[in-house]
Amino acid sequence: MAIIGSRIDGRLIHGQVANLWATKLNIGRFIVIDNEVAQSDIDKQALKLATPAGIKLSVLPVEKAANNINNGKYDSQRVMVIAKRPDRFVELVNHGVKIEELNVGNMSQTNETRSITNSINITDEDVDNFKLLQEKGVNIISQMVPNDKTVDFMTLIKE
């Protein structure tokens, strides 16, 4: 299996992901799964600039990413899949991609979200999607940087 790490991060690729996580997990390719970002040349260019030298980058609609992963396109690589919100991972899993563990990093605050940690803000829809992922066998954790203690993410969600 090519997927070494899966992370939700509203900022997608930035210092924590580009440097700390990529180094810790020895990542060779980032796959950003997002239907809107995949259509935006400006967003894609910014992500290319944020990606460290030596790491490949794919910015793909979720279905195309799932097809590529399922067809073994990245089997020889160490891949980190990154998305802004959990719904992208629900779609990926629904397309048959096996995700063992999902690390919830930064989820930005908006008018629709409520804060559950200093850096994670969720909506009711996010909660539903996290529950769906858990039901599909995905272990959901929260760990901002590699040296932080791993927290069972589902214990952070308060009904």
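Hi everyone, let's begin with helix H5, where Asp124, Glu125 and Glu135 are exposed on one side. Keep in mind that we are looking at a predicted model.

Now turn to the other side of H5. Asp126, Val127, Asn129, Phe130 and Leu133 are buried. Looking down the helix axis, these buried residues fall within an arc of 165°, so they line one face of H5. And what do the buried residues of H5 pack against? Their partners are strands S1, S5, S6, S7 and S8, together with helix H4.

As for the helix itself, H5 covers residues 124-135, which makes 12 residues. From first C-alpha to last it reaches 17 Å, close to the 16 Å expected at 1.5 Å a residue. Just after H5 comes Gly137, with a positive phi of about 90°.

Let's move on to the strands. S1, residues 3-8, runs parallel to S5, residues 101-104, and two bridges join them. S5 also pairs with S8, residues 139-142, in the parallel sense, this time over three bridges.

My last stop is Ser142, which lies in S8. Is Ser142 buried or exposed? Its relative accessibility is 9%, and because buried means under 20%, Ser142 counts as buried. A polar atom of its side chain lies 3.1 Å from the backbone oxygen of Val104. Leaving aside neighbours within four places in sequence, Ser142 has contacts that include Asn103, Ile120, Thr150 and Phe153.

Key: Residues numbered from 1 in each chain as written. Predicted model: local features only at pLDDT ≥ 70, side-chain atom pairs only at ≥ 80, totals over all residues. Heavy atoms only, no water. Pairing = 2+ DSSP bridges. Helix = DSSP H or I, 4+ residues; strand = E, 2+ residues; numbered from the N terminus. Buried < 20%, exposed > 50% of the residue type's maximum accessible area, 1.4 Å probe, protein only. Polar contact = N/O pair within 3.5 Å; in protein donor to acceptor, adjacent residues only side chain to side chain. Contact = heavy atoms within 4.5 Å. Expected span 1.5 Å × (residues − 1). Arc of directions from axis to C-beta.
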